[in-house]
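Open the model in your viewer and keep the selection panel at hand. The tour goes stop by stop.

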Amino acid sequence: MSLPSRASVVIVGGGVAGCSVAYHLTKIGVTDVVLLERKQLTCGTTWHAAGLVGQLRATRNLTELAKYTADLFHSLEAETGQATGFKQNGSISVAKTPQRLEELYRGASMGKTFGLAIDLLSPGEIKERWPLLEVGDIVGGIFLPKDGQTNPIDTTHALAKGAKQRGARVFENTKVTKILVERGRAIGVETPDGAVLADTVVLCGGMWSHRLAAEAGAAVPLHAAEHFYIVTEVIDGIPRNLPVLRVQDECAYYKEDAGKILMGCFEPVAKPWGMAGIPEDFCFDSLPEDHEHFEPILEAATRRVPALADAGIQLFFNGPESFTPDDRYYVGETPEVRDLFVATGFNSVGIAASGGAGKVLAQWIVDRRPPLDLCDVDVRRVAPFQANRRYLRDRTVETLGLLYAMHWPYYQYRTARNARRTPLHDRLVAAGACMGETAGWERPNWFAAPGSRPQYQYSYGRQNWFDACRAECEAVRERVALFDQTCFAKYLVQGRDAPGLLNRLSTANVDVPVGRVVYTQWLNDRGGIEADLTITRLAEHEYLVVTSAICQTRDLAWLRRHIAAAPEAHCTVTDVTPGIAMLGLMGPRSRALLEAVSGADLSNAAHPFGWSREIEIGYARVRASRITYVGELGWELYVSAEHCLDVYERLLEAGAPLGLAHAGYHAMGACRVEKGYRHWSHDIADEDTPLESGLAFTVAWDKPGGFIGREALLKQRADGVLGKRLVQVRLEDASPDAPLLYHEEPLVRDGVIVGSIKSGAWGHRVGASLGMGYVSAPGGVTKEWLQSGRWEVEVACRRFAARVQLEPWYDPRNERIKA
């Protein structure tokens, strides 16, 4: 079979991800598919994967994809005639500490909202299912009966066979040397045997993906790390079909196969690999053994499973696997290069993720839009700097071990820090800031009281910064607080067609007077929310768009692609994030402080809510926008980076008599939950409409030219019934022992799960544990339906009485922000 010169889709990489994409493309009718593998199928990292097939993931959609993978593997052998070695023997995760048990139980509760079968196990019940296990110090665990294991090589070949049976062509020993890009689009690939042009290029190259993408102009940050496991000789009397076992407190997993035990680990300090490049002849290679590195894990394993102490070791294995900076894989179209898609960076869960990832990416390629909310794994979450090789090397030391570390709320990475710092960074640290990291930005999460250390002590309950956060929230409510919001992304949109283009993207009408600040969403054709941001009109043909730090790449790509889709339009966009600092001055005394330092009249008559103007502070010209994300009177101040320190120092000096306090992002998060302010990726995303999420007030239904998604919203409005709505949740228990809500806790009405929490926090201004989440009802979610039910929230397999309503718990009439 000769290499074709053209195909509809070219897939780079013949591991489980690439073969899954080919399989699923052909399954939905795209048969002109060419898959190119540099050596042999699976020869990179797939071949040595442990083959674990777990289903419980951090979000509903990722769990649904993992469930689909298990279902696919269950039927794949019968469909293709290729054995896969898949067996659904279940999995057990055990806990040595109450904290780990709470994590497992929280996961079990979350799994209920996804329809997963999960059993809670006592130590004795764990021993019954895994007789070789020492359980003397085990406090409990969970069992997922639908989990399992598979043979990675056989499964990959089954996917490839299924694809070939429907017309795909697979070429081994065909190295892709370059992804061809023309005018910002991928148009094919180059190989030693010639070019293959294509409408779509899909990069599934595992640890080779970073280099190939970088040479094409796209950022796909990942780095290989050494991954260790052993395989014993046959152990006499070992029960066959043991569940997969995870002892995360000891960084270890165990799998029985043919009477042997495979034991692998995700140790807390990993060994990055491949800094000098991957050998050209790499094919089914293993890496040098490192007994000293693995010894602590093995010693703990022989105590946990005493049979290992007497078993011979048939294989000591070390092989590379790819890890991303946030331990989540990449799927989707790259923001930099059109028609270049990726499915890569699977962080040792590639087998379990492969079926679902291949399915959604295939549909994404056909429709040119994601089929469901995939923001957790969407490649558009990447910040370009993260492709820096030293950054990736440093972060990979940590990310491998995080797979089995405690998944604490508010956990902050320890490695690859200080990549992006605001002009105030050192001043804030000196003021007691405990810095967190978001999209590489160092930003203050909370400020330690004098004499205490700005360092996290993690738990699922009230962490050590709880009182500091309360003090900051009190300053916001009673006096005035200063937030460093410089990390927010900012774009300058200019040109005579800027008003029309932004109006077409936005639900709200942005063709407003100069100085008006507009809160709006950008929607997709289905009415789902692609972006949640503010747009300020600076001049007739000039706007400032402000969005969250995590959305910097995604929202900029959305804007640029719509500009590019109208080549005749006179409109440009410039990312001005690095050059403009942003300070939030929030609280009832913010007006007095700002008037004192600027001399400007900031009364309601002179500067009403939702308006922006330039004022002078010190030697700087500052844009003051009266808007808030904490629900108090306040202004966001935009100042060029070189003047930021001058403005900050003058605010501190003038603010001292007014009780000015520093405040961090934990306080901001608590305040925004009290006010019901949505956060994109948590409370709203591309499957949620403004009507469902309570944001219909932003929609200018009849503005000239309409907006993207209008037709979908009109249909939803005409239906008259919203089967899903975002609600505000408040636990009845307001004691210090009340549980805190974080993400995906089940919402229960009259004993039946009808939704889940999307984000939560302790509301210091209202004195309660709060959350926001979606609930669904076949007859529609109405106020009457909410009021007539008995509501509970399930946290770690316990249910707590709650109140549920559509309005925010704090200042629902917005009297404070308009004071």
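Where is the place of T59? Select the loop between strand 3 (52-53) and helix 2: T59 is there. Keep in mind that this is a predicted model.

**Stop 1: T59**

Show the surroundings of T59. The residue is buried, at a relative accessible area of 13%; the cut-off for buried is under 20%. Now display its side chain. It reaches the backbone nitrogen of L62, at 3.3 Å.

**Stop 2: helix 1 and helix 2**

Select residues 16-27 for helix 1 and residues 60-80 for helix 2. The two pack at an angle of about 75°, and their axes are 14 Å apart. Helix 1 is therefore roughly perpendicular to helix 2, since angles of 65 to 115 degrees count as such. By class, this contact has 4 nonpolar, 1 polar and 2 charged residues. To see them, show Y23, H24 and K27 on the helix 1 side. On the helix 2 side, show Y68, L72, L76 and E79.

**Stop 3: R427**

Move to helix 11, residues 425-430, and pick R427. Is R427 buried, exposed or partly exposed? It is partly exposed, with a relative accessible area of 34%. Now bring up L645, Y648 and E649. R427 touches these three, leaving out residues up to four places away in sequence. Draw the distance to E649: side chain to side chain, there is a polar contact at 2.8 Å. Then check Y648. It lies 221 residues from R427 along the chain, yet their C-alpha atoms are separated by 9.6 Å.

**Stop 4: helix 13**

Select residues 498-505, which form helix 13. How many of its 8 residues are buried? The count is 6, so the helix is largely enclosed by the rest of the structure. Colour the buried ones: A498, P499, L501, L502, N503 and L505.

**Stop 5: R672**

Finish in helix 17, residues 665-675, at R672. This arginine is buried, with a relative accessible area of 7%. Show its contacts beyond the neighbours within four places in sequence: Y629, Y677, R678, H679, D683, S759 and M772.

Note on methods: Residues are numbered from 1 along each chain as its sequence is written. This is a predicted model: local features need pLDDT of at least 70, side-chain atom pairs count only at pLDDT 80 or more; totals for chains, interfaces and linings use all residues. Side-chain values use heavy atoms; hydrogens and water are left out. Helices (H or I, at least four residues) and strands (E, at least two) are DSSP runs, numbered from the N terminus. Buried means under 20% relative accessible area, exposed over 50%, partly exposed in between (1.4 Å probe, protein chains only). Contact means heavy atoms within 4.5 Å. Axes are lines fitted to C-alpha atoms, for helices over the stretch in contact, and angles run from 0 to 180 degrees between N-to-C directions. Angles under 35 degrees count as roughly parallel, over 145 as roughly antiparallel, 65 to 115 as roughly perpendicular and the rest as oblique. Ala, Val, Leu, Ile, Met, Phe, Trp, Tyr, Cys and Pro count as nonpolar, Asp, Glu, Lys and Arg as charged, and the others, Gly among them, as polar. A polar contact is a pair of N or O atoms within 3.5 Å; within protein, one must be able to donate a hydrogen and the other to accept it, and residues adjacent in sequence count only if both atoms are side-chain atoms.
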